[in-house]
Amino acid sequence: MVSASIQTLGCKLNQIEGESIAEAFSREGFSVSAGDFADILVINTCTVTSKSEQKARRLIRKALKDNPRSCIIVTGCYAQVEADAIAALEEGELRRLFVLTGDRKTLLLDLPRYLRDTPDGSLSQALERYLEPGRAVAPPDSGGMDPGDPFRFNVTDLSFHSRPFMKIQDGCNHACSYCRVSLARGPSVSLDAETLLSRLRALENAGHGEAVLTGVNLNQYRSSGLDLGGILEYLLANTQTIALRLSSLEPDGMTEPFLRVLSNQRIRPHFHLSIQSGSPQILERMRRNYGPETVENAVRCLRALREDPFLACDIITGFPGETPEEFAKTHELCRRAGFAWIHAFPYSRRPGTEAWNFTESVPEREAVSRVESLINLGRQGRAAYISRWAGKTVEAIAEDGRQGDAISALSENYLKLRLPLQPGQPLPPPGTVLRCRILGPLEPVEPHFDAIAELKS
């Protein structure tokens, strides 16, 4: 049996695309994993930071070294912007490394069928024929969609996750001065409302209790005359039980109609805000379209919607010109907001962006120190949040497999729960909705879990 490995770096959007590629290989009889050894290794890359690119290069070099008879296909955002640099990682005359730019990634959905139907010749020769630059995307049975449509990435049989992710938007119309993703993925595009509803109904009919809606910038969803709030209303009105979780939101998108939709009990009370800074000067240099007051208003509005929702944010530290006083404004904003988690990371210069030419650099050590300060603040916020939910009952989604004498589940408000099982108690299928009572934080703290809980009948 021919084997394939799918290794994905980066955002939830990349994750769903990796899942969809894995499903395509599995459907054609390939053995599929996320391991280091296979006949075909697909590495789906990210370009958000220099570290994500470094990790991709390490994976590629390791794959070439450890798999001397395998073929490696590198795709994704890093492949889109640095194809030549990636191709240069291969040495020797035998071609085994193939770079597929992100805008041609949909070719991978039809590659398994091509390999099945063209068994003659070596794997390397077959890939060279199929992936050659300029080749049109194969015309598969794509359900009436354009074979090159980025929304063909749609998963019905999950390989690596317990909860389905739905790609509803791609690209971005903003030009933030630090961001390379818009260069890699292009302008904003959205999945049409009818197709989106059809896919969500299929997940609901298959028994999934929750779907995660994801994109590069969800707030830029526009299709069939609907914005993000409109499509959420449309989906909720035309489904029965499935809950919706949003991957991330922009703080300047909190209009009254949108907030009314978010108050629906089938929208998960977990909101992740893309903030980046609490300094008005830094936000302006970043080309963000709001100031700190907009962020604080978004936090107030979201807290007023539901009982103590899980609020998280993204922050970049060490942006060129960020003084200690400007970082202090960011830290103070996050402290007042009481975020249950802070995803903080140091600024990374990205070629092709406006900020690439900014000269007022912050020493790396200082930027990392600021990250650690925010992460510690986020840990405190998470601990306080878990304690506030002790004794309360929540919905949770069962995750895949047994963890020793327990199973794991993700609560509606984004807490990873450890649920002890009684001897002989059957495992609930992944994706099943459970009712759980949160007992409190785990003592001692266990990695990968936030709290211990018990199943409620």
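**Briefing: helix α1 and the fold around it**

Let's start with helix α1, which runs over residues 12–27: its 16 residues reach 22 Å from the first C-alpha to the last, close to the 22 Å expected at 1.5 Å a residue. Bear in mind that this is a predicted model. The protein as a whole has 14 helices and 18 strands. Its radius of gyration is 23 Å, close to the 23 Å that the globule rule gives for 457 residues, so the protein is as compact as a globular protein of that length.

**Helix α1**
- Of the 16 residues in α1, 12 are buried, so the helix is largely enclosed by the rest of the structure.
- The buried set runs through Leu-13, Asn-14, Ile-16, Glu-17, Gly-18, Glu-19, Ser-20, Ile-21, Ala-22, Glu-23, Ala-24 and Phe-25.
- After α1 comes Gly-29, with a positive phi near 95°.

**The whole protein**
- Taken along the principal axes, the C-alpha atoms fill a box of roughly 60 × 60 × 50 Å.
- Buried residues make up 54% of the 457.
- Among contacts with a separation of 6 or more, 73% come from residues 24 or more positions apart.
- The accessible surface is about 20200 Å², and carbon and sulfur atoms hold 49% of that.
- As for charge, there are 53 positive and 57 negative ones, and their mean positions sit 3 Å apart.

**Arg-402**
- You'll find Arg-402 in strand β14, which covers residues 393–403.
- Its relative accessibility is 44%, so Arg-402 counts as partly exposed.
- Leaving out residues up to four places away in sequence, Arg-402 touches Ile-407, Leu-421, Gln-425 and Leu-427.
- Arg-402 and Gly-35 are 367 residues apart along the chain, and their C-alpha atoms are separated by 20 Å.

- As background, most residues other than glycine have a negative phi.
- Asp-308 sits in the loop between α12 (292–305) and β12 (310–317).
- With 17% relative accessibility, Asp-308 counts as buried, because the cut-off for buried is under 20%.
- Tyr-414 also isn't a glycine, yet has a positive phi of about 65°.
- The loop that holds Tyr-414 lies between β15 (406–411) and β16 (416–420).
- Tyr-414 is partly exposed, at a relative accessible area of 25%.

Notes: Residues numbered from 1 in each chain as written. Predicted model: local features only at pLDDT ≥ 70, side-chain atom pairs only at ≥ 80, totals over all residues. Heavy atoms only, no water. Helix = DSSP H or I, 4+ residues; strand = E, 2+ residues; numbered from the N terminus. Expected span 1.5 Å × (residues − 1). Buried < 20%, exposed > 50% of the residue type's maximum accessible area, 1.4 Å probe, protein only. Rg over C-alpha atoms; globule rule 2.2 N^0.38 Å. Contact = heavy atoms within 4.5 Å. Areas by Shrake-Rupley, 256 points an atom, 1.4 Å probe, with all protein chains shown as cover. Lys, Arg positive; Asp, Glu negative; His and termini not counted. Charge placed at Lys NZ, Arg CZ, Asp CG, Glu CD.
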